[in-house]
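Biologist: I would like to learn how to read a model like this one. Please take one feature at a time, with the general idea before the case.

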Amino acid sequence: DKAFDIVAEELVQCEQVVIVVGRRAVGCGKAISELAEKLGAPVITSLDGKGIVDEAHPYTQGVLGIFGLPGLESTKQIIQQASTILAFGVDTLKPFLTDDDDTQRRNLIQCEPNFNTITQEYSRSRTLVGPLQAISDGLASRLPDQAKANPMIADYYAAKQAHMAEVAQWDSVSGDYVHPAYFLTKLNSYLDETSILVLDTGVNTVWAARYLQLSHQQPVIVS
């Protein structure tokens, strides 16, 4: 309990917190979204963490780090203005902590289910180890009432929704070709909690990272 008090107090003092979600946070999406609301913090996922949090939630901003590429420009901009990264079960922290010079630029608070997954590569101000849902719930319960949201959240969410609506209206078929963005946007409505998504290596994964909006914690398996 004391550990939760210490970390919650530190989070309140941070100017710009970004929550980052990786594959070991599976099953914790709802709790992490509720924590994000209390913090007023945007949520970004790694590629293998896609689908863990509800991607229709206004605070969920998308994927960063796709085969070494930055992913969405909006997520890169959010990370660049962050002062602290609150990471849940993330394997590769480099895209979230460093910029082009590979020097750590952001404070790290790392949450992991086991001690053997704690990174020694980057400096951490705090570390919490245990069931990630319990950690998320414990922190949320110790935070004050909902904080004022990062202003970038509303701007990027509105832009994302407008773009997705535009893509859905495209005249997609040209001869034998269907634009992948249009196809994935239409596919979203057919994916439910029983769906399992498997992504092979290649450009198709880049398209899926951007245009699939997963809302039922569907597992995503990446080659």
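Biologist: Does Gln-218 count as buried or exposed, and at what relative accessibility?

Modeller: Buried means under 20% relative accessible area, exposed over 50%, and partly exposed in between, with a 1.4 Å probe and protein chains only. Gln-218 has 2% relative accessibility and therefore counts as buried. This is a predicted model, in which local features need pLDDT of at least 70 and side-chain atom pairs count only at pLDDT 80 or more, while totals for chains, interfaces and linings use all residues. Residues are numbered from 1 along each chain as its sequence is written, and side-chain values use heavy atoms, with hydrogens and water left out.

Biologist: Where does Gln-218 lie?

Modeller: Helices (H or I, at least four residues) and strands (E, at least two) are DSSP runs, numbered from the N terminus. Gln-218 lies in the loop between α8 and β10 (220-222).

Biologist: What does the side chain of Gln-218 reach?

Modeller: A polar contact is a pair of N or O atoms within 3.5 Å; within protein, one must be able to donate a hydrogen and the other to accept it, and residues adjacent in sequence count only if both atoms are side-chain atoms. The side chain of Gln-218 reaches the backbone nitrogen of His-216 at 3.1 Å and the backbone oxygen of Asp-192 at 3.3 Å.

Biologist: Which residues is Gln-218 in contact with, leaving aside its neighbours within four places in sequence?

Modeller: Contact means heavy atoms within 4.5 Å. With those neighbours left aside, the contacts of Gln-218 include Lys-50, Gly-51, Leu-191 and Asp-192.

Biologist: What is the phi of Gln-217?

Modeller: Most residues other than glycine have a negative phi. Gln-217 has a positive phi near 55°. Gln-217 also lies in the loop between α8 and β10, and is partly exposed, with a relative accessible area of 38%. Asp-102 has a positive phi too, of about 65°, although it is not a glycine. Asp-102 lies in the loop between α4 (94-97) and β5 (107-112) and is partly exposed at 45%.

Biologist: How do the axes of α6 and α7 cross?

Modeller: Axes are lines fitted to C-alpha atoms, for helices over the stretch in contact, and angles run from 0 to 180 degrees between N-to-C directions. Angles under 35 degrees count as roughly parallel, over 145 as roughly antiparallel, 65 to 115 as roughly perpendicular and the rest as oblique. The axes of α6 and α7 come within 9 Å and cross at roughly 105°, so the two helices are roughly perpendicular to each other.

Biologist: Which residues of α6 and α7 meet?

Modeller: Met-164, Val-167 and Ala-168 in α6 meet Ala-181, Tyr-182, Thr-185 and Lys-186 in α7.

Biologist: Which residues in α7 are buried, and what covers them?

Modeller: In α7 (residues 180-187), the buried residues are Ala-181, Tyr-182, Leu-184 and Thr-185. Their cover includes α6 (151-168), β8 (177-178) and α8 (203-211).

Biologist: What is Tyr-156 in contact with?

Modeller: Tyr-156 is in helix α6. Leaving aside neighbours within four places in sequence, Tyr-156 is in contact with Gln-61, Ser-74, Gln-77 and Ile-78.

Biologist: How many helices and strands does the protein have?

Modeller: The secondary structure comes to 8 helices and 10 strands. Of the 223 residues, 48% are buried. The C-alpha trace spans about 60 × 35 × 35 Å along its principal axes.
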